[in-house]
Amino acid sequence: MEEGRSQTQLTAVDGPDEAATDDGDRPAWDSKIQYVLAQVGFSVGLGNVWRFPYLCHQNGGGAFMLLYVFLLVVVGVPLFFMELAAGQSIRQGSIGVWKHISPKLGGIGYSSCMVCFYVALYYNVIIAWSLFYMGNSFQYPLPWEKCPTNVTSNDTVKECAGSSPTSYFWFRKALNITNSIEESGEFNPIMTGCLLAAWAIVALAMIKGIKSSAKVMYFSSIFPYVVLFIFLIRGLLLDGALEGITYMFYPKLEIWGNVQVWRQAATQVFFALGLGYGSVIAYSSYNPVHNNCHRDALMVSCINFMTSVLASLVVFIVLGFRAKNIALRCVAENLSVLNLLASSGSNQHWWPWFNMTDVSTVTLAEYREWYHLYSSMVGPKITDCSLEQEMNKGVEGTGLAFIAFTEVMAFFPASPFWSALFFLMLLNLGLSTMFGTMQGILTPLMDNFSLLGHHRTLLTVSSCALGFIIGLLFTQRSGNYFVTMFDDYSATLPLVIVVIFETISVAWVYGTDRFLDDIEIMLKWRPPVVYKYLWKYVCLLAMVSLLAASLLRMVFKGPTYTAWNQSTASEMTLEYPGWALAMIIMLIVFASLPVPVSYIYSLVKNRWVRSTPSQVEVGQEMRRELYTKCSSTEQPDSHFQPVHFREDEVHPRPAFLSVGNEHYRLLSQEEDEEEEEEQDTGV
């Protein structure tokens with residue numbers, strides 16, 4: 001497929017300073033720093049804070065990081081570079097880019113837009129939750145520090161006593177959640193208002209395209225790093241920080257033999273860089289043609305990884321502090337039981353040798369040493385207090401942000417300040433990713449539909465209004481279960497399918513050699529040839545394997561979700577009902593459907609066009625008679641009658657066309673003029 005040169009190239013080749021003539025009114029970044037902040041802000045999101053640390057926690061710590069770096073280098077960076085180069089060279093959104101490479105593959109861009117819309121729907125709900133928590137942070141004490149009391153009985157609320165103050169506030173006060181997805185419940189008015197505010201912020205920030213959103217990026221992309229460094233410095237002073245860091249980096253190399261760990265690492269690389277959304281393409285399309293996109297790909301990928309490591313350090317330090325506090329509380333409770341036994345006059349040879357009356361003098365190591373010696377004699381009331389056991393309880397996603405972190409910040413002096421700072425960081429992380437997601441929707445639509453392009457403001461406001469209306473699904477009492485459904489299933493499989501077709505279109509349809517030629521024109525130097533083989537074989541094989549592993553896991557394990565049971569005050573795993581499974585399938589099918597539909601439509605359209613030649617094609621066929629054959633020895637027919645064109649007809653210019661094995665040459669200028677004179681005189 002790549003042997004013959006196409007009639008058009010991805011880039012203009014006339015000169016280094018030549019701009020695309022049809023992109024004169026296309027917006028552009030004011031500076032390189034704006035563009036870098038936008039790409040970093042989009043790729044660095046909530047997943048870096050609450051997903052990557054959890055995967056490290058569950059999959060061998062340092063060993064998982066090494067595996068992640070390996071997949072980032074051989075799969076993530078090449079695919080990221082491919083999207084950057086395609087967007088920058090063609091200067092279109094995702095729909096236009098893949099249509100330009102092959103009209104049959106235009107559906108790739110539409111699938112990207114669908115997935116971006118899915119993600120925007122539930123991602124803004126998380127921003128709404130952050131707004132709610134940030135608003136509740138401006139009070140002392142924090143509302144999730146202690147369990148509330150029942151007004152009638154003056155006792156602690158049973159649901160809170162059975163769980164924890166932070167869990168109770170999250171599930172009951174914030175979400176007012178039902179027991180399952182089948183119990184929809186009424187709308188949560190407070191969360192509905194927060195969702196409206198979140199969409200209003202996005203609309204205002206993007207109402208003038210990249211000109212307005214880029215200015216917001218200066219704050220939303222940089223502020224999270226300031227907060228992470230503040231939390232890192234503060235966390236290093238906490239008791240338990242060293243234990244948390246040790247747990248994070250301790251390598252368990254045996255996990256490399258687990259296929260599911262490879263799947264999770266590849267998925268994280270895939271989502272961390274924002275591949276397949278079309279946002280990377282959209283942002284790079286506003287760059288100058290000769291921008292060094294290869295350096296950008298390496299820089300953004302490195303920043304993304306280092307941000308994940310920084311966030312993991314903060315998370316493990318905080319979790320280490322939390323685990324240490326829980327273990328010390330366990331020691332205090334056990335010592336109080338031992339004191340009761342001692343006061344009853346019981347005298348046992350296994351009494352601890354340390355002072356039981358002053359709990360503060362007893363270290364965790366001393367207690368655990370005593371417990372391991374006499375655990376078989378002390379009875380069931382005395383339990384082990386293990387810091388490692390607490391650290392092994394992995395927390396991810398909303399559980400990490402809205403339960404574990406809120407619990408830790410309640411221990412900090414000036415806890416409202418730290419809480420407000422943390423949720424303001426989450427808000428900015430979410431917004432910077434949200435801007436990129438919306439850009440992945442708006443840019444392709446404006447590039448391919450001129451009517452929408454002329455009404456940018458109306459399109460932006462209408463899209464946000466539609467997102468809010470559909471997003472009401474997530475503000476009912478069972479809304480959290482739908483957020484989980486969208487997060488787990490609406491984007492994963494469709495995005496992998498999109499990237500597979502992206503790779504096929506560049507590596508096998510357009511051709512890697514030609515693509516590298518176009519990049520060489522842009523960069524003024526040729527990227528290493530290793531990219532050719534990574535795109536053609538390694539990346540494609542990795543994406544197909546990831547798709548197969550994800551499908552097999554979905555089929556054999558079955559889609560499940562975690563529900564909160566109010567009566568037992570605990571979480572439980574439930575299977576989705578039949579209608580929810582149908583909804584999951586519809587989400588995946590609707591997002592993937594544009595790819596085959598566009599391909600079939602293009603085939604049908606081409607057949608119809610071939611069967612009904614246009615006037616231009618007829619004129620071109622007649623015009624071919626003006627060429628002389630180079631390979632034929634036949635003389636022109638003496639009875640040849642020249643074709644007369646009307647004066648008002650547009651004469652198609654001569655073009656290089658080959659028919660079968662015959663080769664034609666263009667007439668020289670003098671010959672062409674003589675032919676035209678003969679036409680005018682009717683000779």
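Modeller: Setting aside residues up to four places away in sequence, Asn304 touches Ser43, Val44, Asn48, Tyr68, Ala272 and Leu273, where contact means heavy atoms within 4.5 Å. This is a predicted model, in which local features need pLDDT of at least 70, side-chain atom pairs count only at pLDDT 80 or more, and totals for chains, interfaces and linings use all residues. Residues are numbered from 1 along each chain as its sequence is written, and side-chain values use heavy atoms, with hydrogens and water left out.

Asn304 belongs to helix α15 (residues 293-343); helices are DSSP runs of H or I with at least four residues, numbered from the N terminus. With a relative accessibility of 1%, Asn304 counts as buried, a term that means under 20% relative accessible area for a 1.4 Å probe and protein chains only. A polar atom of the Asn304 side chain lies 3.2 Å from the backbone oxygen of Ser43. That pair can be read against the definition of a polar contact: N or O atoms within 3.5 Å, where within protein one must be able to donate a hydrogen and the other to accept it, and residues adjacent in sequence count only if both atoms are side-chain atoms.

The "binding site" annotation, from an unreviewed UniProt entry, covers Gly41, Asn48, Asn304 and Leu429. These positions span 389 residues in sequence, yet no two of their C-alpha atoms are more than 12.6 Å apart, so they gather at one spot. UniProt positions are given in the numbering used here, feature names are shortened, and annotations may be inferred rather than shown by experiment.

Arg91 is found in the loop between α4 (62-90) and α5 (94-101). Arg91 is buried, at a relative accessible area of 10%, and a polar atom of the Arg91 side chain lies 2.3 Å from the backbone oxygen of Asn287.

Key
Helix = DSSP H or I, 4+ residues; strand = E, 2+ residues; numbered from the N terminus. Buried < 20%, exposed > 50% of the residue type's maximum accessible area, 1.4 Å probe, protein only.
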